[in-house]
Amino acid sequence: MSNQALIIESPQPADACVIWLHGLGADRYDFVPVVKALELPADHRVRFIFPQAPTRPVTINGGYPMPCWFDILAVTPQRVMNMAQLDESVAMVRGLIDEQLTAGIAAERIILAGFSQGGAVIMHTALESRLPLGGIMALSTYGPTLEQLLSDHQGPTLNAFFAHGLYDDILQPEMGRKAHDLLQQAGHATQWHAYPMAHEVCPQEIGDIRTWLAGRLAF
């Protein structure tokens, strides 16, 4: 798997990190403009890492190659995934986490973020790692592996920010809400935000992300 990641360093030496995964068919540059839109303090210490998914055939798109964290084999209420590829992507994210830990960033100051299928990857990674992470941002996403993970893995309490478009016709809002509810019922600290948008990101959401990040990382 390609592990080419775009890194935006903080103005001051980093003491926190956000690892942010793009969605199906997008790339590592997709959420770079959001960093500027967050309007963080000029002297902030948050490093942003944007990994790049490998390009490979996507079955539900007629086998057309595009960047994806895992192949989607069929569309059902929760999707049928290539689990080996999901495991590869989870291992990639875990490798990035380990690099930050080695660099001296505390687990409590590492945030995992993901849009669409990228969100599915970061939720799986956070639960499977059992690390006391600073939190997760699950954006317009779903949790196809959460039920199994929550029954198998008892780890630290996660702080999770969920955002979803009310008019999302790619991943319906009830799919995101189910993931939120599963984490909430398992005792994790969750927030649910719904916006009048489709499968995208809106300015109000970016403002809410900033507020949540400021609460988690105290910048």
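This is a predicted model: local features need pLDDT of at least 70, side-chain atom pairs count only at pLDDT 80 or more; totals for chains, interfaces and linings use all residues.

User: What is the strand order of the open sheet, and which strands are its edge strands?

Analyst: The open sheet has 7 strands in the order 1-3-2-8-9-10-11, with mixed pairing. Its edge strands are strand 1 (5-8) and strand 11 (189-195), since each pairs on one side only. From one strand to the next, the twist averages 15°.

User: How do you know that strand 2 pairs with strand 3 and with strand 8?

Analyst: Pairing requires at least two bridges between the strands. Strand 2 is joined to strand 3 by 4 bridges, and the two run parallel, with A16 standing opposite V46. Towards strand 8 (residues 110-115) there are 5 bridges, again in a parallel arrangement, and here C17 stands opposite I110.

User: What makes strand 2 largely enclosed by the rest of the structure?

Analyst: A residue is buried if its relative accessible area is under 20%. In strand 2 (residues 16-21), 6 of the 6 residues are buried, so the strand is largely enclosed by the rest of the structure. The burial covers both faces, with A16, V18 and W20 on one side and C17, I19 and L21 on the other.

User: Why is E39 called exposed, whereas S140 is called buried?

Analyst: The relative accessible area of E39 is 61%, and because exposed means over 50%, the term applies. S140 has a relative accessible area of 0%, which is under the 20% limit and therefore counts as buried. E39 lies in the loop between helix 1 (32-37) and strand 3 (46-51), and S140 lies in the loop between strand 9 (135-139) and helix 4 (146-152). Each has a positive phi without being a glycine, about 50° for E39 and near 50° for S140.

User: Why is the pair of F161 and W212 called tilted?

Analyst: The structure holds 6 aromatic pairs. For F161 and W212, the ring centres are 5.8 Å apart and the planes meet at 50°. Because F161 lies in strand 10 (residues 159-165) and W212 in helix 6 (residues 203-217), the pair ties together parts that are 51 residues apart in sequence. Both F161 and W212 are buried. Elsewhere, ring pairs link W20, F31, F48, F50 and F115 into a cluster.

User: Which residues touch the most other members of the largest nonpolar core?

Analyst: That core has 40 residues, and the ones touching the most other members are I19, F70, L112, M123, I136 and L183. Among the elements giving two or more residues to this core are strand 2, helix 2 (83-102), strand 8 and helix 3 (117-129). Another core, of 27 residues, lies apart from it and includes L38, F48, F50 and Y195.

User: What is L112 in contact with, leaving aside its neighbours within four places in sequence?

Analyst: The contacts of L112 include I19, V93, I97, I122 and I136. I136, in turn, has A160 in strand 10 as its bridge partner, and strand 9 is joined to strand 10 by 4 bridges, the two running parallel.

How values were computed:
Residues are numbered from 1 along each chain as its sequence is written. Side-chain values use heavy atoms; hydrogens and water are left out. Buried means under 20% relative accessible area, exposed over 50%, partly exposed in between (1.4 Å probe, protein chains only). Rings of Phe, Tyr and Trp (its six-membered ring) pair if their centres lie within 6.5 Å; planes under 30 degrees apart count as stacked, over 60 as edge-to-face and the rest as tilted. A nonpolar core is a set of buried Ala, Val, Leu, Ile, Met, Phe, Trp, Tyr and Cys residues joined through side-chain atoms within 4.5 Å. Contact means heavy atoms within 4.5 Å. Axes are lines fitted to C-alpha atoms, for helices over the stretch in contact, and angles run from 0 to 180 degrees between N-to-C directions.
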